[in-house]
Amino acid sequence: MEQQQRKGLRLVLFPLPFQGHINPLLELATILHSKGFSITLIHINFNSPNPSNHPHFTFHSISHGLSETEATTSDAISLITLLNIKCVEPFRECLASLISNALDEPIACLISDAMFHFSRAVAENFKLPRLVIRTTSATSFGVFPAFPLLLEKGYLPIQDSRLEELVVEFPPLKVKDLPVIKMRDQEKFYELISRVVSETKASSGLIWNTFEELEQPALDSLTKKLSIPMFPIGPFHKYNLAYSSSSLLAEDQSSISWLNTQPPVSVIYVSFGSLAVLSEAEFLEIAWGLANSEQPFLWVVRPGLVHGSEWLEPLPNGFIENLGGRGHIVKWAPQQQVLAHLAVGAFWTHSGWNSTMECICEGVPMICRPSFIDQKVNAKFVSHVWNVGVQLEDEILERGEIERMITKLMKEKEGEEIRCRVSKLKDMALSCLKQGGSSYKYLDSLVNHIQSLGHSNL
Ligand code: UDX
């Protein structure tokens, strides 16, 4: 009955066009659809999701307006900055047409990726309430509002001489763990973050793919700083719903058939997400570290992962054959299924937030090697606060150290203790979704919040 009352309210969702943002947004769409809302997605014609995988949703594609050079840059920050300028008009036009055609089914609100800060002004123009979704951890986002202070105190921009210094405002983060990215024009990054923070503060609420028990201090502090309602309703992918894949690359199912041939809790699953890039030297150290560890491994080598290479060319001749079936390399894996497989004993990850949540939910220990921004904070919290993984901290990747970390996690007492802790965290994550659990309650309050926004908007 509750669901029927909600029929007639539509939500418009607006994802940032990157894999790590599309996945949680489509999972959120599935959750809200299960609560009786109709779903429309406005997406940019760049890394577009496949509408035929999501027949219950309506999709509208808008032009990104980028030149070919702009669209093929590997500099994600410049790309996001440009999209926030070039998408304003196409987004405004699309929203105007949706609003004018939505007579039978009013639009309750817009749910925008927080990185699309321009959507605040557009939505406000139409007097449309706007919620945002932030796809990272609350803990890493919690550092962003303090950037002016961190700049004033000289922690930022990061100087090599201060890398090991504790940031007293954010223990246990050291200067090297701060959520920044190396780029030529650092000002551009600070400017983007400052806009994202101020336009998030101006939203009607913030949705998180996390659970309160994991990130309570960061959530409390953000509630105070931003003065908006927070809805930590994660882990998104563990609601008992029929999710469809939103992978932009084809998922190689041989990952699962290969895992089926491996002993329980033996395989190191290795993946660095959708954006990270490795140098050829790093790639080779990883390959030899994995080979020398003598543990079986499943390794996702995304085309383009290795700077200057198409795929596996840097590997020495005969590398794979000499493993005797102990290693399996794919371009993209069905990651959630992989992590849930009994054969997987550890995940070597770049500490992207989706990967971290997916891993916690399967009770798998992590080896963390973050690349940039939020990943650095996630890795520190995984290894030093939640204690469910270890971090490869040295700037230079070295095969001997990789082998030592794998042995520590797979064969030593410390690894056993970590496995025990992550298994408890998994139980905690899953119980949040049950009736009376924190995420269950926050989802109820999110639904009520959206309804009240929708009605005040009629
Ligand atoms: C980056 C950030 O680091 C992340 O924290 C932020 O929230 C989004 O942008 P990304 O590099 O894509 O994300 O990593 P991650 O957040 O871990 O997301 C990757 C997604 O791709 C996960 O949902 C994972 O399951 C999926 N994936 C990855 C696959 O399905 N197959 C693979 O082979 C690898």
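Trainee: Which residues does the domain assignment of the protein chain give to domain 1, and which to domain 2?

Mentor: Happy to. Domain 1 takes in 3–143 + 179–239 + 435–456, while domain 2 covers 254–430; these bounds come from an automatic or database domain assignment. Two notes before we go further. This is a predicted model, in which local features need pLDDT of at least 70 and side-chain atom pairs count only at pLDDT 80 or more, whereas totals for chains, interfaces and linings use all residues. Residues are numbered from 1 along each chain as its sequence is written, and side-chain values use heavy atoms, with hydrogens and water left out.

Now to the interface. The C-alpha centres of the two domains are 29 Å apart. Contact, meaning heavy atoms within 4.5 Å, involves 25 residues of domain 1 and 24 residues of domain 2. The size of an interface is often given as the accessible area lost when the parts come together. Here domain 1 and domain 2 bury about 2100 Å² between them, and 70% of that is on carbon and sulfur atoms; the figure is the accessible area (1.4 Å probe) that two parts lose on being put together, summed over both. On the domain 1 side, Phe211, Leu214 and His237 lose the most area to domain 2, and together they account for 24% of what that side buries.

The whole structure holds 19 salt bridges. Lysine 238 and glutamate 362 form one of them, with their closest N and O atoms 2.8 Å apart. This pair links distant parts of the chain, 124 residues apart: lysine 238 sits in the loop between β7 (230–232) and α11 (254–259), and glutamate 362 in the loop between α14 (353–360) and β12 (366–368). Helices (H or I, at least four residues) and strands (E, at least two) are DSSP runs, numbered from the N terminus. Lysine 238 is partly exposed at 30% relative accessible area, whereas glutamate 362 is buried at 17%; buried means under 20%, exposed over 50% and partly exposed in between (1.4 Å probe, protein chains only).

Arginine 369 and glutamate 282 meet at 4.0 Å, N to O. Arginine 369 is in the loop between β12 and α15 (374–384) and glutamate 282 in helix α12 (residues 280–293), so this bridge ties together parts 87 residues apart in sequence. Here arginine 369 is buried, at 13% relative accessibility, and glutamate 282 is partly exposed, at 24%. Arginine 404 is exposed at 52%. Arg120, Glu124, Arg195 and Glu199, in turn, are linked in a network of salt bridges.

Leaving aside neighbours within four places in sequence, its contacts include Phe297, Leu298, Trp348, Ile406 and Met410.

Finally, follow strand β2 (residues 38–44). Seven of its seven residues are buried, so β2 is largely enclosed by the rest of the structure. In a regular strand the side chains alternate between the two faces of the sheet. In β2, Ser38, Thr40, Ile42 and Ile44 point one way and Ile39, Leu41 and His43 the other. Strand β1 (residues 10–14) runs parallel to β2 and is joined to it by four bridges, pairing being called when DSSP finds at least two bridges between strands. Arginine 10 is opposite serine 38 in β2. From β1 the chain passes through helix α2 (residues 19–34) to β2 in a right-handed β-α-β crossover: with the strands pointing away from the viewer, the path from the first strand over the helix to the second runs clockwise. β2 also pairs with strand β3 (residues 58–62), again parallel, over five bridges, and there histidine 43 has serine 61 as its bridge partner.

Notes. Salt bridge = Lys/Arg side-chain N within 4 Å of Asp/Glu carboxyl O.
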